[in-house]
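This briefing sets out how the parts of the structure shown below meet one another.

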Amino acid sequence: MNTVITLVLAFIVLNLTLTLASFCTWFERKGSALIQNRVGANRAGAFFTTDILVLKPVFWVIRWMGVLGVINTLLCDSVKGILKEDFLPSGTNQFMHCLGPMLAVLPIFLAFALIPLAPEFELFGTMIKPQVANLNVGVLFILAMGSITVYGIAIAGWTGNNKYSLLGALRASAQMISYELAMGVVFVTLVVQYGTLDLSGMVEAQRGIWWGVVTQPLSFIILLIVGMAETKRGPFDLPESESEIVAGYFTEYSGMKFLIFWLGEFAEVALFAFILALIFFGGWHLPFLELPHGVWWAALIGHVILMAKVLVFCMVQIILRWTLPRFRYDQLMNLGWKCLLPLSVINLFGTAVVKVYLMEG
Amino acid sequence: MTGILGQPVVFSDIPLLFFGAVAVFMVVSALGTVLFRNPLYGVICLVGNLLGVAAMFAALGAYFLSTVQVAVYAGAITVLFLFVVMLLNLKIEEGGEGLAVFKIAAIGAGVVFVCIMMYAYIPDLINLPGLVGDEGLMSPVDGGVLPMGRALFTRHVFLFEAVSAVLMVALIASVMLAARGTRKRKLERQIPVSNVQPRPLTD
C-alpha cells in the first residue's frame, strides 16, 4: 500500500513539476512581451476553424490557446526541439556531452521529492503525507541537490570545447558556489527559527500571522536574491550573457538538449517558488483561516492555497528577471561575498541569541 | 551503533543487491579517479565515489550524514577541484620520472590507512567498546542531527577544533603560496591610463 501511494505521489509530483515549468516558460515569453510592450507569440493555432459542429468548442479552445501563445511556446517549440539536428562539437566526448544536461536537470527533479504538497490527510483509513520521500533532512537535501547541478553546468561548458562555453561554465560555477554559502547559512537560520529540518514541520510552525516573512524578513530577502542567482536568471544571468560570450555554457547544444537546460532552469524557478512559499509564506496556511486537521477536503484547500502562492512567486521571479538590468561580474561577487554572506551570518547569530536567551531563558 | 529499530546496525542490514551494486560502483569510480589520465574525468569519478559513500550512509539510515556528504564534499569541495582543473586547462598528464616516488608514497599511505581502519573496526567486531560507534547517528528523529551535534561539541570537540585550525592554516598557506610575487608583477605589467594615447578620430 505504501509503495502504491509513493508511486502515485511521484507521478503527481513529476507532472506538477513539468506543468509548473511549462507555465513558467509560457509566462516568460508572454509576460516579457507585455513588459516590453510587444504582442508576443499569438499566431500558431489562432486561425484553426472547422465545419464539424461537434468539434467547434474544441477548436474554440485551441484558437484561444493560440492567441494566448500557449501552442506556440509549449507545443511548437518542443516539437521543433525534438526534430532539430542534434550535433556534437568536434573533439569532444559524446557521453560527457549528454551527461551535462542530465546532471543539470535531474537533481532539481529529485529535490521536488522533498516538497510537501499539502498537509497530512486521511483517506480510506490510511494517513497520507503528500510528500514523495520522507527523508527527515528536509531543506538540507534541497541544498545538496542544488549543489550537484553545478556539475551539469561545468561539464556542459567543458564539452563545448570552445572558450565561450568554458567561460560561461566558469562564471556559472563561481556564481553558484558563492551564493550557495549564503543559502546554506539562511537554511541554518531557519532551522534555528523553526526548530526542525522538516519542511512540513516548518510550515506547521507558521500558524496564524506568524509567517516566516514576519519573523525572518532578512532571511526572506537574502533567499529571494540567492534564488534568483542560483537559477542563473534575472540580473544574475552572466553565465549566458549573450552580448559577451554567445550563450555561455550551452553555446554548443542544440535541439532537445538545449531545451532540457531551459526545462531545468524553469523547474528551479518553480522549486524556489515552492521553498519561498513553504518556509516564508506559511505554505498551506492563511491568516485567520483554521482548517480542520487530517481531513481530505481541508488538505485539498490547503493544496490550492499553496499552489496559488507558488504561482505568484514564479511570476515574481520572472517579472524581476525582465525588470532589472544585468550586473557586472565584480558587482555580483561583491554582493555575494561582502553583502549577503555577512548579513546572513549576522542574522544567524541574532536569531540564535534571541532564541536561546529571550524565548527559552 | 543502533539503527532505526534500536537494533545494532551491521553491514548485513543493507539489502545485499544494493550493497553490491554501490560497492562495485564505488570501487570502479575510485579506480577511475586515480587511473584516468585526463584530470577532468578523474574529478568526475571522484564525485561518483563520494555519491556512492552518501548512498551507503543513506542505506544505513544516517540521512543527515548522507546529505552533508553530498552537500559538502560532492557539492562544494570537489566543485573547487573541477574549477581548478577547468581554469588551469590542465593537459593530459604524461608519466614522468618523478611519479615513481609518488606511487611508492601513495601505496605506503594506503597501507597505513587500511591499518588505521582495521584498528578502528576490530574492537567493534569482537564486542568491545570500540573507537567507532557514537550512539544514535542513525536515529529516525531529524536524521541524527542532535546526537551528531552532541558528539561533535562534547566528546570530539578538541579534535573538531584542531581540524578546523589545520584547515585554516592550509588555506592561508595556499593563498600565500599562490599570491607570492604575483601582485607586484601584475602592477608592473599594467599600462597606466595616462600612457595610452587616444587614436585620432580622422583616419
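**Interfaces and side-chain pairs**

Between chain A and chain B the count of salt bridges is zero. The model is a predicted one. Within chain A, by contrast, the rule finds two salt bridges across the interface of domain 1 and domain 2.

**Contact between chain A and chain B**

- Chain A brings 25 residues to the contact, and chain B brings 24 residues.
- About 2,100 Å² is buried between chain A and chain B, and carbon and sulfur atoms give 78% of that area.
- Two residue pairs are found in polar contact across the interface of chain A and chain B, both residues being at pLDDT 80 or more.
- On the side of chain A that touches chain B, α5 (139–159) and α6 (163–194) each supply at least two residues.
- The largest share of this side comes from α5(A), with eleven residues.
- By class, the side of chain A that touches chain B has 19 nonpolar, five polar and one charged residues.

- Chain A is divided into domain 1, covering 1–83, and domain 2, covering 92–360.
- The centres of the two domains of chain A, taken over C-alpha atoms, are separated by 24 Å.
- In this contact, 24 residues of domain 1 of chain A meet 28 residues of domain 2 of chain A.
- The two domains of chain A bury about 2,300 Å² between them, with 86% of it on carbon and sulfur atoms.
- A:L20, A:F27 and A:E28 supply 24% of the area that domain 1 of chain A buries against domain 2 of chain A, more than any other three residues.
- Three residue pairs are in polar contact across the interface of domain 1 and domain 2 of chain A, with both residues at pLDDT 80 or more.
- Helices α1 (2–35) and α3 (70–83) of chain A each supply at least two residues of the side of domain 1 that touches domain 2.
- Of that side, the largest share comes from α1(A), which gives 19 residues.
- The residues on the side of domain 1 of chain A that touches domain 2 of chain A divide into 15 nonpolar, seven polar and two charged.

**Salt bridges**

- Side chains of opposite charge can pair when their charged atoms come close.
- Over all chains, a search of the whole structure finds eight salt bridges.
- A:E28 forms a salt bridge with A:R321, and the closest N and O atoms of this pair are 3.4 Å apart.
- A:E28 also forms a salt bridge with A:R233, where the closest N and O atoms are 2.8 Å apart.
- A:R233 lies in the loop between α9 (217–230) and α10 (255–280) of chain A, while A:E28 lies in helix α1 of chain A, so this pair ties together parts that are 205 residues apart in sequence.

**Aromatic pairs**

- Over all chains, the count comes to 22 aromatic pairs.
- A:F23 and A:W26 form a tilted aromatic pair, at 6.1 Å centre to centre and with 45 degrees between the planes.
- A:F23 and A:W26 are separated by about one helical turn, because they are three residues apart in helix α1 of chain A.

Definitions and conventions
Residues numbered from 1 in each chain as written. Chains lettered and ligands numbered in written order. Predicted model: local features only at pLDDT ≥ 70, side-chain atom pairs only at ≥ 80, totals over all residues. Heavy atoms only, no water. Domains from an automatic or database assignment. Contact = heavy atoms within 4.5 Å. Buried area = accessible area lost by both parts, 1.4 Å probe. Salt bridge = Lys/Arg side-chain N within 4 Å of Asp/Glu carboxyl O. Polar contact = N/O pair within 3.5 Å; in protein donor to acceptor, adjacent residues only side chain to side chain. Helix = DSSP H or I, 4+ residues; strand = E, 2+ residues; numbered from the N terminus. Nonpolar A, V, L, I, M, F, W, Y, C, P; charged D, E, K, R; others polar. Phe/Tyr/Trp six-rings, centres within 6.5 Å; stacked < 30°, edge-to-face > 60°.
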